[in-house]
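Hi,

Here's the structure I promised to pass along.

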Amino acid sequence: MSAFIYDAVRTPRGKARPDGGLAALKPQELVSGLIGAIGERTDGPVKPDALVVGAVGQIGAQGGNIALVSKLHAKLPDETAAFTLNNYCVSGLTAIGQAAAMVESGQAKSVLAGGVEMMSRVPFMADNADYYADASYDRRTRYIPVALAADRLAEDIGVSRAELDQAALVSQQRTAAAEGTPLVASRIGLNGLNREECARPATTLESLAALAPAFPALADQYRDALGDRVIDHRHTVSHAPPMADGAALALVGGEGAGAKPRARVVAWAEAGGDPALSLTAGFTAMERALGQTKLALSDLDRIEFMEAFGVTIVKFMRDYKPDPAKVNVGGGHMAKGHPMGATGAILLSSLLDALDASDGKYGLVVAAGASGVGSAMIVERLAR
């Protein structure tokens, strides 16, 4: 592909509660802050042809086309197109992929793209979509929360509680170790928050083992959609990414669109999957992206794999056998939190930092979401 990433930045993730580190800000303020940061880092100001923002909860503070609201707040040129998309938890990466496609096709010279989610202002499922409770769908396609899909998948593929605990511990330890290192070089502090607020650095295997499964009561609410299946619940709150506030943006353009780019987009793929399995489409997207290249997983220097509940990262490590030293080197979602529409873009920004820190060449982002959505992107780091 001939689309390049000139920069990619992210906020820290704040706790999604009224006293969270970012909660006093509005979503457009998060986006505007990142636009300003990209301008400073690329000898701006940034004047893109379009602003594409992923957001899942498109009501209230995030309603009214939050991309357009952010464009106006950031005082981008009137001529800048702005639109918002919702592809569940992969929205931020989908937005960046769409930006690359716009540049590749000649529709735009440069595009700002990414995502934002302020779950302190717009809680999970706040849009109250009819689909969430629509019993007219057959059971395979009925909506169930990702937490239940994760527990069901863990049981189906034999992922043990001990494996989940170990994965959660690694996520927390690596997150703590990344603070103050080049792995957070593109993280932009806002409102005085300069750390991953959801992280629990004191986590131990003993403290993880003491936690009870978190989602049996939720299963009772969705008993009909589950077909009266009794699930052996294994995920605790430590195996679930905390709800969070956050945002991330990338500046995507063609060759010669500005300062020297950080990376080239090598491949990008979207995938659907079995809605009942819910969380497996990321693997399909990953395989499609790799299939667009001559690369194998072993050729990649760094991988950011979305910890969409512990079962997904355990399955990835067990079934695909990547080098553990290359995967989520700065920690993962189970420690840092999950601002839904922003997640894929946050992972891309984290990947570029990880590639820079390791002097690596090729990197991969994999993201998955509810009801069978997945996205993946491969980038090539460029010497600057």
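This is a predicted model: local features need pLDDT of at least 70, side-chain atom pairs count only at pLDDT 80 or more; totals for chains, interfaces and linings use all residues.

Asn65 sits in the loop between E3 and helix H2 (66–74); helices (H or I, at least four residues) and strands (E, at least two) are DSSP runs, numbered from the N terminus. Its phi is near 65°, a positive value in a residue other than glycine. Asn65 is partly exposed, because its relative accessibility is 27% (buried is under 20% relative accessible area, exposed over 50%, partly exposed in between, with a 1.4 Å probe and protein chains only).

Residues are numbered from 1 along each chain as its sequence is written, and side-chain values use heavy atoms, leaving out hydrogens and water.

Phe309 also has a positive phi, near 75°. You'll find Phe309 in the loop between strand E8 (302–305) and helix H9 (310–320), and with 11% relative accessibility it counts as buried.

Then there's a cis peptide bond between Gly44 and Pro45, with omega about 10°. Pro45 belongs to the loop between helix H1 (27–41) and strand E3 (50–54). For context, most residues other than glycine have a negative phi, and most peptide bonds are trans.

As for the whole chain, it has eleven helices and ten strands. Of its 384 residues, 60% count as buried. The C-alpha trace spans about 55 × 40 × 40 Å along its principal axes.

Cheers
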